[in-house]
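Please look over the sequence and the model before reading on.

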Amino acid sequence: MTVPHPERVDTTPAGAAARVPARRPSPWQGQGAVVAVVALGGGIGATLRYDAARLWPAEAGGFPWTTFWVNVTGCAVIGVLMVVITDVRSAHRLVRPFFGTGVLGGFTTFSTYAVDVQKLVDAGHPRTALAYLAATLLAALAAVTLAVTAARYALVRRRS
């Protein structure tokens, strides 16, 4: 006679100790709160970015100023946030995922940046696309660097 599910049949000889396979912890174990705050923050940040795009829409074929300034501003805020939660005070373990990854990650946007570049190229404005590509990268890096430097400078002045 055949057994429908042979992997479920106990083949351990009588009296022998059965070997129980080690149970691996789930990769999600303990991460539910982090995932939840990132999702919540991401929704807030994306809504803010969407609202900015609705308030200040870009002209077709023109430089996408709204996305540019959203990304630059978001990078500056990320710089200040990282100084505050690493140099000023120890923050709750969910602050960084909520604000840094969630809100600011949802607010700043690589996907809209890439879509804007593609739209400019497709509309026959490759120079504007290249300028936007380079200007966003340089301005975002400058913004985070200046924000970190200014926040640390303000921190030193406050402590002295």
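Leu 48 belongs to helix α1. Its relative accessibility is 42%, so Leu 48 counts as partly exposed (buried means under 20% relative accessible area, exposed over 50%, partly exposed in between).

## Basis of the model

The model is predicted: local features need pLDDT of at least 70, side-chain atom pairs count only at pLDDT 80 or more, and totals for chains, interfaces and linings use all residues. Residues are numbered from 1 along each chain as its sequence is written, and side-chain values use heavy atoms, with hydrogens and water left out.

## Overall architecture

The protein has five helices and zero strands, in the order α-α-α-α-α from the N terminus. Helices are DSSP runs (H or I, at least four residues), and strands are runs of E of at least two. Of the 160 residues, 27% are buried.

Contact means heavy atoms within 4.5 Å. Among contacts between residues at least 6 apart in sequence, 75% join residues at least 24 apart.

## Helix α2

Helix α2 covers residues 65-88, and its 24 residues should span 34 Å at 1.5 Å a residue; the end C-alpha atoms are 33 Å apart, which agrees. The expected span is 1.5 Å times one less than the number of residues.

The buried residues of α2 include Thr 66, Phe 68, Val 72, Cys 75 and Ile 85. Among the elements that cover them are α1 (32-55), α3 (95-107), α4 (110-122) and α5 (126-159).

## Nonpolar cores

The largest nonpolar core has 11 residues, among them Phe 68, Val 72, Cys 75, Leu 120 and Tyr 132. At least two residues of this core come from each of α2, α4 and α5, and α5 gives the most, with four residues. Another core, of five residues, lies apart from it and includes Val 34, Leu 94, Phe 98 and Val 103. A nonpolar core is a set of buried Ala, Val, Leu, Ile, Met, Phe, Trp, Tyr and Cys residues joined through side-chain atoms within 4.5 Å.

Definitions and conventions
Buried < 20%, exposed > 50% of the residue type's maximum accessible area, 1.4 Å probe, protein only.
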